[in-house]
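The report below looks at charged pairs and at one helix. Please read it alongside the sequence and the model.

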Amino acid sequence: MAIPKEFLREDKIKAIVIIKNLKTDEIYLYKTDDAVTSYSKERFKLDLGMHPVKSLQDAYSSLGLELFTFEIDKEAKEEENLDDLLEERKKYWMEKGSRFYS
């Protein structure tokens, strides 16, 4: 899988990132002050089998990278609080019926 273009930018991106399982539609959301760097860290942990979210790690290990997408769910404005934005995005995805890795 090629690195998604939004994670190739040189500037820091304050954002909520979504990892989505294309087979089950389960999602994992996380906040970051630097989406470019965090993408590499999340992929590294998943590739090594060391991700702290066991259910996500188990699915990734059994299905492989090809069945997951990594995207910026919502880019934050500099003044936005990432904790509040993460809660807002969780509510949005819950209303759409998404299931979450936890």
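Lys31 is partly exposed, with a relative accessible area of 38%, where buried means under 20% relative accessible area, exposed over 50% and partly exposed in between (1.4 Å probe, protein chains only). This is a predicted model, in which local features need pLDDT of at least 70 and side-chain atom pairs count only at pLDDT 80 or more, while totals for chains, interfaces and linings use all residues. Residues are numbered from 1 along each chain as its sequence is written, and side-chain values use heavy atoms, with hydrogens and water left out.

Seven salt bridges are found in a search of the whole structure, the term being used for a side-chain nitrogen of Lys or Arg within 4 Å of a carboxyl oxygen of Asp or Glu. Among them are the following.

| Pair | N to O distance |
|---|---|
| Lys20 and Asp25 | 3.9 Å |
| Lys31 and Asp83 | 2.1 Å |
| Asp47 and Arg43 | 3.2 Å |

Lys31 lies in strand E2 (residues 27-32) and Asp83 in helix H3 (residues 82-95), so this pair ties together parts that are 52 residues apart in sequence; helices (H or I, at least four residues) and strands (E, at least two) are DSSP runs, numbered from the N terminus. Asp83 is partly exposed, at 40% relative accessibility. In the pair of Lys20 and Asp25, Lys20 has a relative accessible area of 26% and is partly exposed, and Asp25, at 42%, is partly exposed.

Asp47 and Arg43 both belong to helix H1 (residues 35-48), where four residues, about one turn of the helix, separate them. Asp47 is partly exposed at 45% relative accessibility, whereas Arg43 is buried at 15%.

Which residues of H1 are buried? They are Ala35, Val36, Ser38, Tyr39, Glu42, Arg43 and Leu46. Seen down the axis of H1, the buried residues fall within an arc of 165 degrees, so they line one face of the helix; the arc is that of the directions from the helix axis to the C-beta atoms. The cover over these buried residues includes strand E1 (15-21), E2, helix H2 (54-63) and strand E3 (68-75), with contact taken as heavy atoms within 4.5 Å.

On the other side of H1, Lys41 and Phe44 are exposed, the relative accessibility of Phe44 being 52%. After H1 comes Gly49, which has a positive phi, near 75 degrees.
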